[in-house]
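Subject: Structure handover

Dear colleague,

Please find below the structure that I promised to pass on to you.

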Amino acid sequence: MITVLVCGGGNGAHVCAGLAASHDDVTARVLTMFEDEAERWTAAMGQEGLHIAVRHSGSEPSTVIGKPAYVTKDPAEAMKPNVDLIVITVPSFAHEQYLKALKPYVRAGMTIVGCPGRAGFDFAVRSIIGEISAELSIMNFESLPWACRISEFGQSADVLGVKDTLAGAVQKSKSADGKLDPTAAFQKVLGDYPKLLTRGHLLGVTLSPTNGCIHPEILYGQWKDWDGKPVAKPPLFYNGLDEETAHLISGVSDEVLATAKAIMEQRPNVDLSNVEHIFQWYLRTYPDDIGDKSTLYTTIRTNKAYTGLIHPCTKTDDEQYLPNFRYRYITEDLPYGLTVLKGIAEIAGVPTPKMDHVIEWAQEKIGKSFIVNGKLTGSDLNITRCPQRYGFNTLDGILGMSK
Ligand code: NAD
């Protein structure tokens, strides 16, 4: 029997809790600390449990029913003895709250999963949980396993698509010896799909925040020479990409690969082969959606999964549009994406002129200071997950070998 604690109250948490609870040999609980979600979820769920409508690979939707043992806002109740797997399924800005709340109850041999964990999840776990984190298994996945939406809060959710595979990495605890392997345990919770592919060092997932390599760069490409005047309609975000911006995205990705290479040269026993170029990532992630796979530029422009997606904008009184820079493409993808990559590159001794340029432009748009003269010494590092923010200033520190 596996006991899983799902942390969060959103789309992913509903699906994860419902699927987990549907297995006879899994007990699921939910911890949601946001507003009155725990009370609302408990009241809405009643005796029935969660109904999850799943569509996978064009198949007819099937409904999975699972009832979590309970939903609570109290971390002590959530962590009553025998939690094996803690799955954190909230947007990155909320991870810290859960890690801090769970810290007193975390025990050697447990597994903490960031799904998605995204860049710097490993740093946050080690820093917040402290010494005992060396005795935990830590897993980080690049994304959520599903495209999903709550249909009725606390009652039902729709899985609009299930990924075939989900890439991640695990740092196994020695105290987990004799227990079910962390990847196998999480696979049991999710069911047959996506197939979990965990390989390489945990840092490899932190070095793969695709949103941070794409979104601020596309905003920069579109608006760097903007004259400040409203535009007639919001430009297409991905499908409207120009070649120069595609080169920039590719260049930022090259800097990430150079960072991984530099780390592996300095620590030959560390496997960062799980870090891939953004072009490879597109080909792997959207095998059936891309019309023209010849270059990164054509790949993004012809990706059907992006059809109709536009630049975030606000409407003016006379029905024109202004770019909205205070959108997650900067407010999240800088602190939980690009600045983390910059921080790791700095420690690895790799110059990153392209990243620096984008960060300098984008930080100004949200009134923050992350880098100054190409160095991560700005006054707002405390809102990022770059390693320096946690006091990890060496290769061993970022690899979890020491501070
Ligand atoms: P969501 O938007 O449904 O998450 C909302 C939940 O987050 C809330 O219900 C609450 O529990 C918590 N939350 C929100 N604001 C909070 C705050 N200020 N403090 C504390 N908690 C707060 O998220 P989701 O759709 O479940 O996605 C989770 C992550 O997966 C996100 O990073 C998202 O970008 C990513 N993702 C989602 C999908 C999808 O289809 N839903 C697909 C791929 C990736």
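In what order do the strands of the open sheet of 8 strands stand? Before the answer, two remarks on conventions are needed. Residues are numbered from 1 along each chain as its sequence is written. This is a predicted model, in which local features need pLDDT of at least 70 and side-chain atom pairs count only at pLDDT 80 or more, while totals for chains, interfaces and linings use all residues.

The order in that open sheet of 8 strands is S5-S2-S1-S6-S7-S8-S11-S12, and the pairing is mixed; two strands pair if DSSP finds at least two bridges between them, and strands (E, at least two residues) and helices (H or I, at least four) are DSSP runs numbered from the N terminus. Strand S5 (70-72) and strand S12 (195-198) each have a single partner strand and stand at the edges, so one side of each is left without a neighbour in the sheet. On average, with direction ignored, neighbouring strands of this sheet are turned by 25° against each other, where axes are lines fitted to C-alpha atoms (for helices over the stretch in contact) and angles run from 0 to 180 degrees between N-to-C directions. Strand S8 (residues 137-141) runs antiparallel to S11 and is joined to it by 4 bridges, with Val170 in S11 as the bridge partner of Met139. Helix H1 packs on this sheet and touches strand S1 (2-7), strand S2 (26-31) and strand S6 (85-88), its direction making about 155° with that of S2; contact here means that the C-beta atoms of two residues, placed from the backbone, lie within 7 Å.

Another open sheet has 4 strands in the order S4-S3-S10-S9, again with mixed pairing. Its edges are strand S4 (62-66) and S9, each with a single partner strand, so one side of each is left without a neighbour in the sheet. Strand S3 (residues 50-54) and strand S10 (residues 156-162) run parallel and are joined by 4 bridges, and Val54 stands opposite Val159 in S10. H1 packs on this sheet as well, touching S3, S4, S9 and S10, with its direction at about 90° to that of S9.

H1 also takes part in the ligand site: helix H1 (11-21) and strand S9 (146-152) each supply at least two residues of the shell around the ligand, and the largest share, 3 residues, comes from H1. Of the 20 residues around the ligand, those that come nearest are Gly9, Gly10, Asn11, Gly12 and Phe34, a residue being near if its C-beta atom, placed from the backbone, lies within 6 Å. By class, this shell has 9 nonpolar, 10 polar and 1 charged residues, with Ala, Val, Leu, Ile, Met, Phe, Trp, Tyr, Cys and Pro counted as nonpolar, Asp, Glu, Lys and Arg as charged, and the others, Gly among them, as polar.

As for the overall division, the chain consists of domain 1 (2-199) and domain 2 (207-398), with bounds from an automatic or database domain assignment. Their C-alpha centres lie 27 Å apart, and the contact takes 12 residues from domain 1 and 14 residues from domain 2. On the side of domain 1 that touches domain 2, helix H5 (121-129) and strand S11 (165-171) each supply at least two residues.

Finally, helix H8 (residues 210-223) and helix H9 (residues 243-266) pack at an angle of about 145°, with their axes 9 Å apart.

With best regards
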